Amino acid sequence: YEYFEGQNRALQGVEPGSVVKPISMMIALEEGITTPERSWNGHGGKWNFQGKDIRDSHPCGSLTANEVIEKSSNIGMAGIILHGYTQKSGKKPSDFRKDLEKHGFFEPLNLGLKGEQKPRYKNLDTSDSPLLDLSRMAFGYTTFIPPIYTLAMYNAFANDGLLVAPHLVKKLMRKNEPDSIISPRTWRVCSEKNAKALRYMLHQVVWGKSGTAGCLRDDRIEI
C-alpha cells in the first residue's frame, strides 16, 4: 500500500488491485466486451504478456467473468480489458480511460473536504507501451484512486447503478434558520442489469466455492 504525501491520505490513496477489478468489470459489461458467463483464458495462473509476467494466486485454465471477480484474477481481468481495447475491437488502449470518464468515474465528488483529488489513470496515447500499461491498469496497478471513489462506485452497484455522491454538509444555517440546502448529486454509472451482475460477483467473493474472501463467511450475517 502506498499513499501520496499529504494531510488527507484517505482522499489521495493508491489502491490495491483487488478492489479495482469490479470497476474495470463494470466497464467491460457496459461496453459489451464480456457477459458474466463468458469464459476467458486463465493461462494456468501465469501469463507472460509482452515480456512481463502476470500471476494469479488461484491458477486455472479457464474462468468465466463471474469467476474473474470471485477469484480476483489479474490474468482474467487483463485479458478481458485487452480484448476490448485493441485495433481488432475497433478501440484503442486509451479508450479505456475515456470509457471510465463516460461512465462518470472521474466526476468530482465535491465532498466538502480540502485536498480532494480525482482518480488518476495514465493517458495511454502518450505511453511507450500502451498495451502493457493497459494490462496492468485493468486490475488497478499504475493507477492512483482515492478510496472514497471506490466506495462511491461500490455504493452505486448496490444502488442499481445510480451513484449518489457522498457529501458531508446537508445544509447551512444562519440564525437557526436554513440558509441553503445542499442537495445530493446523482448520476448513473451502469445499468440496473449490470449492477445486479456485479453484486452477484461481489457476493461470490465471500460465498463462492473459490471466493478469495471465504474466511469472512458467517451464517449469522450475509456479507
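**Ground rules**

I number residues from 1 along each chain as its sequence is written, and I work with heavy atoms for side-chain values, leaving out hydrogens and water. Because the model is predicted, local features need pLDDT of at least 70, side-chain atom pairs count only at pLDDT 80 or more, and totals for chains, interfaces and linings use all residues.

**Entry 1**

I began with helix pairs. Two packed helices are described by the angle between their axes and the distance between the axes. I took helices (H or I, at least four residues) and strands (E, at least two) as DSSP runs, numbered from the N terminus. Axes are lines fitted to C-alpha atoms, for helices over the stretch in contact, and angles run from 0 to 180 degrees between N-to-C directions.

I looked up helix H7 (residues 147–158) and helix H8 (residues 192–207). Their axes come within 8 Å and cross at roughly 110°. H7 is therefore roughly perpendicular to H8. The cut-offs are: under 35 degrees, roughly parallel; over 145, roughly antiparallel; 65 to 115, roughly perpendicular; the rest, oblique.

Which residues of H7 and H8 make the contact? H7 brings Tyr-154, Phe-157 and Ala-158, and H8 brings Ala-195, Leu-198, Arg-199 and Leu-202. Contact means heavy atoms within 4.5 Å. I sorted these residues by class: six are nonpolar, none polar and one charged. For the classes, Ala, Val, Leu, Ile, Met, Phe, Trp, Tyr, Cys and Pro count as nonpolar, Asp, Glu, Lys and Arg as charged, and the others, Gly among them, as polar.

**Entry 2: H2 and H7**

H7 also packs with helix H2 (residues 21–30). Here the axes come within 10 Å and cross at roughly 50°, so H2 and H7 are oblique to each other. The crossing of H2 past H7 is left-handed. Left-handed means that the near helix is turned anticlockwise from the far one by less than a right angle; clockwise is right-handed.

On the H2 side I found Pro-22, Ile-23 and Met-26, which meet Thr-150, Met-153, Tyr-154 and Phe-157 in H7. This contact has six nonpolar residues, one polar and no charged.

**Entry 3: H4 and H6**

Next came helix H4 (residues 74–84) with H6. They pack at an angle of about 135°, their axes 8 Å apart. H4 and H6 are therefore oblique to each other. H4 passes H6 in a right-handed crossing. Ala-78, Ile-81 and Leu-82 of H4 make the contact with Leu-131, Leu-134 and Ser-135 of H6.

How many of the eight residues of H6 are buried? Six are, so H6 is largely enclosed by the rest of the structure. Buried means under 20% relative accessible area, exposed over 50%, and partly exposed in between (1.4 Å probe, protein chains only). I listed the buried ones: Leu-132, Asp-133, Leu-134, Ser-135, Arg-136 and Met-137. They pack against H2, strand E2 (46–49), strand E3 (52–55), H4 and H5.

**Entry 4: Leu-124**

Leu-124 sits in the loop between helix H5 (95–102) and helix H6 (130–137). Its relative accessibility is 5%, so Leu-124 counts as buried. Leaving out residues up to four places away in sequence, Leu-124 touches Pro-93, Ser-94, Pro-130, Asp-133, Leu-134 and Met-137.

**Entry 5: cysteines**

I searched the whole structure for disulfides and found zero. A disulfide here is a pair of cysteine sulfur atoms within 2.5 Å. Cys-60 counts as buried at 14% relative accessibility. Cys-215 counts as exposed at 73%.

**Entry 6: positive phi**

Most residues other than glycine have a negative phi. I noted two with a positive value. His-43 has phi near 55°. His-43 lies in the loop between strand E1 (39–41) and E2, and is partly exposed at 31% relative accessibility. Asn-176 has a phi of about 65°. Asn-176 lies in the loop between strand E6 (171–174) and strand E7 (177–181), and is exposed, with a relative accessible area of 71%.
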